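Colleague: Could we go through this model together, one topic at a time? I will ask briefly and follow up where needed.

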Amino acid sequence: MLSREDKLKMYSTMLLIRRFEEKAEELYMAGKIWGTFHLYIGEEAVATGACFALRPDDYITSTHRGHGHCIAKGADVKKMMAELMGKATGYCYGLGGSMHIADLEGGNLGATGIVGSAIPIAVGAALACKLQKNGRVVLCFFGDGAANTGAFHEAVNMASVFKLPVVFLCENNQYAMSFPVHKAFAIPDIAERARGYGIPGVTVDGMDVLAVYEATKEAVERARSGLGPTLIEARTYRFKGHSKSDKGVYRTKEEVQMWMERCPIKRLRALLIEEGVPEEALREIEKKVEETIEEAVRFAEESPEPDLERARCMVYA
Amino acid sequence: MPEREVTYAEAIREALREEMRRDPSVFLIGEDIGVYGGAFGVTQGLLAEFGEERVIDTPISEAAIVGAAIGAALLGMRPVAEIMFFDFMTLCADQVVNQAAKIRFMFGGKAKVSIVVRSPAGSGTGAAGHHSGSLESWFTQIPGLKVVAPATPYDAKGLLKSAIRDDNPVIFMEHKLLYRTKGPVPEEEYTVPLGIGEVKRKGKDLTIVAYSIMVLRSLEAAEILAREGIEVEVVDPRTLRPLDEETILSSVRKTNRVLVVYEPPRFGAFGAEIAALISEKAFDYLDAPVVRLGGLEMPPPYNPHLERRIVPQVEDIVKAARELLRS
């Protein structure tokens with residue numbers, strides 16, 4: 001059973017993800033962040049609920065829409081913000097940017113900009129966990145789009161036949177860029193794919209952090225006990241566009257509105273109040289999150305630019 | 001005591017066995033590498049010695065094989081992946097090119113992807129278009145990868161041991177026609193460092209730069225030319241990336257004429273890089289333009305007569321060398 005503290009921590013994490021993204025968007029509009037990035041706003045319950053089911057020494061792999069995964073796994077938002085600004089103090093010395101944040105010490109084996117390509121890597125990490133008998137589990141985040149790549153099929157099958165300690169968590173946010181899941185899949189639930197690989201498949205409400213937590217917890221326990229992988233499909237929605245260049249022509253305002261009403265943060269907040277948490281305690285968390293973000297921006301802005309010669313030395317070990 | 005001779009395939013197997021015995025983090029992963037012993041028999045006997053945990057037979061899933069190697073390497077393992085034919089590298093190109101090669105850099109120099117991807121390359125077995133590729137030039141172009149192409153059993157063993165111990169992703173190209181060739185390999189432990197070339201034959205009239213099977217053909221050609229009084233120096237870079245520029249350049253400064261011999265189609269392949277290197281850094285020493293002798297612009301044909309003609313043979317090398325000396 002989750003304690004009140006646990007739920008408050010979840011609330012704080014989800015809020016931190018949300019504010020980080022809102023701030024990143026603001027900085028992008030102000031020209032302080034360039035390139036592009038993919039906002040996770042609306043999907044916070046998935047990363048938060050899933051990572052909450054992990055031990056600190058477990059691993060994750062992430063996607064191009066990875067800020068939420070990093071934060072939920074315990075990343076330092078100062079280093080993340082610095083990375084988004086391309087600074088030397090960023091997680092990747094400003095060389096990876098938004099889509100390639102890794103925090104190996106924190107168990108985040110990295111995000112990838114190629115859809116589906118981290119799935120085999122997660123399987124390899126799980127293989128290493130098995131060979132090293134370290135009792136750890138790998139949680140592999142990917143989107144609905146990735147579930148149609150060859151890498152997904154190869155990797156899930158391999159993990160299943162080898163009974164590896166990995167959890168495949170598909171964040172079905174309804175669109176692979178502009179392509180809706182109902183056109184991309186000939187089956188109603190992505191979780192059904194699990195049957196073809198002989199593993200359990202479950203679909204959960206990705207707007208409900210507690211549901212994601214419960215499903216992941218069960219899958220993590222199964223993985224840790226040597227029974228192999230599980231495929232979890234978390235139904236969620238990104239409130240914003242695919243990336244910063246998205247004009248949003250492929251979905252209706254009504255649809256977006258409908259999902260926004262199901263905001264996972266509002267939902268948990270309402271639940272906490274219903275369970276008797278005083279508003280004051282929540283406002284305290286909200287204030288703290290704001291401060292953390294402001295501090296991250298300050299840190300990133302004051303950080304130095306990376307050096308080309310040092311970057312050159314990073315190509316080879 | 002006479003020097004021990006083993007085949008190229010045995011030399012590779014010895015390297016794998018010795019490194020697996022030495023370091024428990026080394027394991028093998030690939031298709032049919034277990035009971036079957038690998039499509040070319042390279043991994044025979046290793047399953048019996050090391051068991052299924054360290055000689056991992058996989059489904060036909062090239063992307064997952066290399067991806068799994070990368071993921072395991074991120075946790076400190078040293079996997080050696082086998083891709084059954086070099087042509088199949090296209091199936092795991094994303095994992096090799098976008099993941100293995102870039103991860104360290106993109107993660108700010110913090111990750112190590114110490115994997116070796118071994119793969120048989122080259123034509124000459126009648127396997128036609130999908131099993132005869134020499135795609136090494138695709139990978140030499142990728143910062144973050146090392147590319148090794150040994151020509152002899154001695155080099156194959158010593159370089160593979162170095163590759164396994166290297167903290168970077170290494171593409172290890174094994175020419176199919178070399179597997180059964182024999183050569184001296186000492187009993188005792190040794191390694192050949194990556195990035196160090198070797199003069200395989202000394203000469204003063206002409207330098208031939210060649211790697212992989214073209215070293216053997218160039219040495220044969222040199223033997224023929226020697227009977228005509230032409231002294232050919234054969235330089236084998238052994239590692240294409242990093243490339244030992246100095247061994248090549250010092251030979252050119254001595255002989256003043258260069259023939260670069262390689263198997264992939266002539267246009268845009270790695271041999272062109274060697275030619276460019278010499279033009280840039282040893283132009284003043286050249287008595288004639290650098291000549292490239294590469295493959296024809298054609299996918300490997302099935303017909304044995306045609307297949308033979310698409311890649312440089314001994315007689316082609318002899319002919320090109322004679323022409324170069326006349327110019």
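Colleague: Which residues does B:I278 touch, not counting residues up to four places away in sequence?
Modeller: B:I278 touches B:I248, B:L249, B:V252, B:V258, B:F283, B:L286 and B:V290, with residues up to four places away in sequence not counted. Contact here means heavy atoms within 4.5 Å. This is a predicted model, in which local features need pLDDT of at least 70 and side-chain atom pairs count only at pLDDT 80 or more, whereas totals for chains, interfaces and linings use all residues. Residues are numbered from 1 along each chain as its sequence is written, chains are lettered from A and ligands numbered from 1 in the order in which they are written, and side-chain values use heavy atoms, with hydrogens and water left out.

Colleague: How many residues has the largest nonpolar core?
Modeller: The largest nonpolar core has 166 residues. A nonpolar core is a set of buried Ala, Val, Leu, Ile, Met, Phe, Trp, Tyr and Cys residues joined through side-chain atoms within 4.5 Å. Buried means under 20% relative accessible area, exposed over 50%, and partly exposed in between (1.4 Å probe, protein chains only). The residues with the most contacts inside this core are A:F142, A:F168, B:F139 and B:I278. Another core, of 57 residues, lies apart from it and includes B:V6, B:L178, B:I310 and B:V318.

Colleague: On to helix packing. At what angle do α6 of chain A and α3 of chain B pack?
Modeller: Helix α6(A), residues 150–161, and helix α3(B), residues 62–74, pack at about 65 degrees with their axes 8 Å apart. That makes α6(A) roughly perpendicular to α3(B). Angles under 35 degrees count as roughly parallel, over 145 as roughly antiparallel, 65 to 115 as roughly perpendicular and the rest as oblique. Axes are lines fitted to C-alpha atoms, for helices over the stretch in contact, and angles run from 0 to 180 degrees between N-to-C directions. Helices (H or I, at least four residues) and strands (E, at least two) are DSSP runs, numbered from the N terminus.

Colleague: Which residues make that contact between α6(A) and α3(B)?
Modeller: From α6(A) they are A:E154, A:A155 and A:M158, and from α3(B) they are B:E62, B:A63, B:A64, B:I65 and B:A68.

Colleague: And within chain B, at what angle do the axes of α1(B) and α7 cross?
Modeller: The axes of α1(B) and α7(B), residues 153–165, cross at roughly 30 degrees and come within 8 Å. The two helices, α1(B) and α7(B), are therefore roughly parallel to each other.

Colleague: Where is B:E19, and what does B:E19 touch?
Modeller: B:E19 is in helix α1 of chain B, residues 8–22. At 0% relative accessibility, B:E19 counts as buried. Not counting residues up to four places away in sequence, B:E19 touches B:V26, B:K161, B:I164 and B:R165.

Colleague: Is B:K176 buried or exposed?
Modeller: B:K176 is buried, with a relative accessible area of 6%. B:K176 sits in the loop between β7 (170–175) and β8 (182–184) of chain B. Leaving aside neighbours within four places in sequence, the contacts of B:K176 are B:F40, B:F85, B:P120, B:A121, B:G122, B:T125, B:H131 and B:S132. B:K176 and B:P120 are 56 residues apart in sequence, yet 5.5 Å apart in space, C-alpha to C-alpha.

Colleague: Back to chain A. How many of the nine residues of α2 are buried?
Modeller: Eight of the nine residues of α2(A), residues 44–52, are buried, so this helix is largely enclosed by the rest of the structure. The buried residues are A:E44, A:A45, A:V46, A:A47, A:T48, A:G49, A:A50 and A:C51.

Colleague: What does A:I265 touch?
Modeller: A:I265 touches A:Y11, A:M14, A:L15, A:R18 and A:E44, not counting residues up to four places away in sequence. A:I265 lies in helix α10 of chain A, residues 264–274, and counts as buried at 6% relative accessibility.

Colleague: Last topic, the backbone. Which residues does a cis peptide bond join?
Modeller: A cis peptide bond joins B:R241 and B:P242, with omega about 0 degrees. B:P242 is in the loop between β12 (239–241) and α9 (245–255) of chain B.

Colleague: What is phi of A:K133?
Modeller: Phi of A:K133 is near 45 degrees, a positive value in a residue other than glycine. A:K133 counts as exposed, at 63% relative accessibility.
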